[in-house]
Amino acid sequence: MQVPEPDYELPAGYQHIYSGKVRDLWRTPDGELLFVASDRISAYDHILSTPIPDKGRILTAVSLWWFDQLSDLVPNHVVSTEVPDAVAGRAMICHNLEMAPIECVARGYLTGSGIIEYQQSGSVCGVELPEGLIEASQLPEAIYTPATKAELGDHDENISFERTVDIVGKADAEQLRELTLSVYTRAEQIARDAGLILADTKFEFGRPAGTADGFVLADEVLTPDSSRYWPAEQYEPGKVQPSFDKQFVRNWLTSPESGWDRSTDTPPPPLPDVVVEQTREKYAEAYRRLTGKQWVRQAD
């Protein structure tokens, strides 16, 4: 997967470390990390050539809002939002952590890769589930379904809890599971009070470099990119639910209108303006529902 170069310049002293599908990571002059959320959007293992205006700012604002809601449960990696002007509003300065090599996934509902695995085995990541569950069924209780972190362009691989013990040791595996489920439980209730169902989400945790301190919540948290949000008023088990993410993008790319053949290596075509605007509004609506605040659009 080819990642575009950052479309902005930072002052001298900032060192570019890495760019992913959405985020750019820089070393700051004083040794901390600068996380920048871009307006890039990806689908079907491609980074699209058309950005979604405001997306990076919304993702950053949602993460910061959630970090504040969860601060009594787990510390987070945010140091400051005083960032260079070129990335104002879509970046945060964060502590440099040694990250756990596990994607910590919590599921309260059965969908996505979870429903596929359940239909094959009756379980998800080794967690046995009751018979008779269907697409979008609410689970009796939230489950922890970790995954390995894949290289850029590859897919994360769902693994069992026992496998996480092999990777990080029993004590850390148990702590990661406990943190994941406690944070999900808090977030699920907050989202529900805002009219949203938080079906599943993934977290990343790390420790201050060179220490054995407790885990810190890091990276993005509970954004529409890392979480599956459904409008509660439209919830209907037995079918795929509408969601607050890149649904419009996926729908258009797989429609005859796009003319794109996914079976080839041809990159996806540019998105039409209507799809860009629909997607932008979905992200803004998620922000509005969660925070109760109207999103102030940035000039295009």
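Modeller: R262 places its charged end over the ring of Y44, 3.8 Å from the ring centre. A charge counts as over a ring if NZ of Lys or CZ of Arg is within 6 Å of the ring centre and within 35 degrees of the ring normal. K282 lies over the face of F244, at 4.4 Å from the ring centre. The model is predicted: local features need pLDDT of at least 70, side-chain atom pairs count only at pLDDT 80 or more, and totals for chains, interfaces and linings use all residues. Side-chain values use heavy atoms, without hydrogens and water, and residues are numbered from 1 along each chain as its sequence is written.

Now the ring pairs. Searching the whole structure gives eight aromatic pairs. The ring centres of W65 and W66 are 4.9 Å apart and their planes stand at 80°, so this pair is edge-to-face. Rings of Phe, Tyr and Trp (its six-membered ring) pair if their centres lie within 6.5 Å; planes under 30 degrees apart count as stacked, over 60 as edge-to-face and the rest as tilted.

Y109 lies in strand β9 (residues 102-109) and W230 in strand β17 (residues 227-231), so the pair ties together parts 121 residues apart in sequence. Strands are DSSP runs (E, at least two residues), numbered from the N terminus. Both Y109 and W230 are buried. Ring pairs link Y109, W230 and Y235 into a cluster.

Note on methods: Helix = DSSP H or I, 4+ residues; strand = E, 2+ residues; numbered from the N terminus. Buried < 20%, exposed > 50% of the residue type's maximum accessible area, 1.4 Å probe, protein only.
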